[in-house]
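The exercises below are to be worked through with the sequence and the coordinates at hand. Each task is followed by a solution in steps.

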Amino acid sequence: MSGIVVVFDFDKTIVDVDSDNWVIDELGFTDLFNRLLPTMPWNSLMDRMMMELHSHGKTIQDVERVLRTIPLHPRVIPAIKAAHALGCDLRIVSDANMFFIETILNHLGIRAYFSEINTNPGYVNEEGRLRILPYHDFNKASHGCTLCPPNMCKGLIIDRIQESISQENKRIIYLGDGSGDYCPSLRLKENDFMMPRKNFPVWDLICKDPSVIKAEINGWSDGEELEQVLLHLINKISIEEKAHLISSDCKLQTLSVSALESLPKVLPVRP
Ligand SMILES: Cc1ncc(C[n+]2csc(CCOP(=O)(O)O)c2C)c(N)n1
Ligand SMILES: [Mg+2]
């Protein structure tokens with residue numbers, strides 16, 4: 001395992017559209033969705049829309065069927081497989097939901113490449129209706145971050161990932177497109193990498209004042225560039241890691257030589 005954790009956003013990063021909009025549009029519920037959007041938070045609206053789909057006779061199989069046709073750039077899966085083969089720990093942080101993400105990843109045969117999926121819970125209830133719940137239960141307590149939507153602060157999730165890897169000196173590469181990916185980008189450290197999708201909301205937010213981002217910024221436009229930039233960064237970090245190992249090895253050798261030199265040349269003669 002390399003010393004790299006790659007954190008992927010899901011919608012418009014791994015898949016090329018918003019999975020929520022894809023399901024609503026493909027099943028013909030766009031108008032109702034647009035009418036309700038001004039009245040409630042996005043995450044609560046998705047739960048409500050799943051109820052609407054169910055009461056209009058749309059089944060879980062209908063939802064799964066449209067999820068299996070979601071558009072994806074052809075270089076994204078090879079990029080994920082290559083990063084995994086190079087020993088990176090791959091994780092997902094997404095404001096979509098577990099049911100959509102797992103259905104898509106299982107269909108694509110890439111679920112097992114990810115060690116962790118952090119997203120809103122999504123499950124089929126006893127009536128065969130999909131429930132979508134908030135990642136943070138904002139009715140109990142607010143997560144306290146003003147940059148993020150009430151149901152999910154991706155920055156808090158990055159904090160937790162950083163804590164879990166802090167002993168191991170690992171570095172993070174974060175890929176994302178949306179405004180929800182701005183908060184985590186502010187929490188990355190000097191040795192980390194931010195890969196914002198060019199001309200998407202997180203890119204525009206970063207461009208307003210790039211100096212507040214401590215991580216190195218590397219943009220990408222589509223799946224092909226995502227693959228090129230990601231593999232370039234992994235390669236660059238691996239070379240740096242090797243150089244660091246060699247230099248610390250040299251230091252050890254120098255240390256042991258000087259330790260030998262400082263030893264008394266002649267053993268003291270016992271009286
Ligand atoms: C202006 C505006 N209104 C509402 C939303 C909400 N929204 C749209 S798609 C999506 C899922 C993102 O998943 P992922 O985190 O995987 O990209 C969410 C939460 C938005 N992004 N922008
Ligand atoms: Mg996204």
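**Exercise 1.** Determine which strand gives the most residues to the shell around ligand 1, and describe that shell.

*Solution.* Strand E2 (residues 89-97) gives the most, with 3 residues, strands being DSSP runs of E with at least two residues and helices runs of H or I with at least four, both numbered from the N terminus. This is a predicted model, in which local features need pLDDT of at least 70, side-chain atom pairs count only at pLDDT 80 or more, and totals for chains, interfaces and linings use all residues. Residues are numbered from 1 along each chain as its sequence is written, while chains are lettered from A and ligands numbered from 1 in the order in which they are written. In the next step, 13 residues are found to surround ligand 1, the closest being Phe10, Asp11, Asp18, Ser94 and Asp95.

**Exercise 2.** Locate the positions that UniProt marks as "binding site" and examine Asp11 among them.

*Solution.* The unreviewed UniProt entry places this feature at Asp9, Asp11 and Asp177. Although these residues span 169 residues in sequence, no two of their C-alpha atoms are more than 8.1 Å apart, so they gather at one spot. Asp11 belongs to the loop between strand E1 (4-8) and helix H1 (19-26), and Asp11 counts as buried because 23 C-beta neighbours lie inside 10 Å, the criterion being 20 or more other C-beta atoms within 10 Å of its own, placed from the backbone.

Note on methods. A residue is near a molecule or strand if its C-beta atom, placed from the backbone, lies within 6 Å of it. UniProt positions are given in the numbering used here, feature names are shortened, and annotations may be inferred rather than shown by experiment. A residue is buried if 20 or more other C-beta atoms lie within 10 Å of its own, exposed if 12 or fewer, and partly exposed in between; C-beta atoms are placed from the backbone.
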